[in-house]
Amino acid sequence: FSLQTDARHDLYEATLQERLRAAEEDLRKSREFHARSADVVHKQKFVPAKSTKPLTEVSAYEIRSEKRAEERRKWEAAAAAARAASRCRATRAGQSRAHYRAAC
């Protein structure tokens, strides 16, 4: 009996060898150096366009940390005054209790 496998194998081998040869040829061609034209030599120099926007105006500014420091100083002064008033009330209350006890 006669099978077609040998013929199909030979055909496959031939096409495989052709594909490998074509791939190798493409690889060889892609490795070759191809210089591009030097358009830059013939073009005009790049000159940037002048801006149409107005110039930035410098204005006075206030830094938030300076304002915060001033607020903190005011708060600390008020807190110190409140602590002093509290101490004064405490000493008066202590003096009046002592005076009351001495009288009794």
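Biologist: Is R21 buried, partly exposed or exposed?

Modeller: Buried means under 20% relative accessible area, exposed means over 50%, and partly exposed lies in between (1.4 Å probe, protein chains only). R21 has a relative accessible area of 48%, so R21 is partly exposed. This is a predicted model, in which local features need pLDDT of at least 70, side-chain atom pairs count only at pLDDT 80 or more, and totals for chains, interfaces and linings use all residues. Residues are numbered from 1 along each chain as its sequence is written, and side-chain values use heavy atoms, with hydrogens and water left out.

Biologist: Which residue does the side chain of R21 meet in a salt bridge?

Modeller: Side chains of opposite charge can pair when their charged atoms come close. A salt bridge is a side-chain nitrogen of Lys or Arg within 4 Å of a carboxyl oxygen of Asp or Glu. Here R21 meets E18, at 2.6 Å from N to O. E18 is partly exposed, at 42%.

Biologist: Where do R21 and E18 lie?

Modeller: Helices (H or I, at least four residues) and strands (E, at least two) are DSSP runs, numbered from the N terminus. Both residues lie in helix α1, 3 residues apart, about one turn of the helix.

Biologist: How many salt bridges does the structure hold?

Modeller: The structure holds 5. Among them, R28 pairs with E25, with the closest N and O atoms 2.3 Å apart. In helix α2 (residues 64-103), E76 and R72 are 4 residues apart, which means a separation of about one helical turn. Salt bridges that share partners join E25, R28 and E32 into one network.
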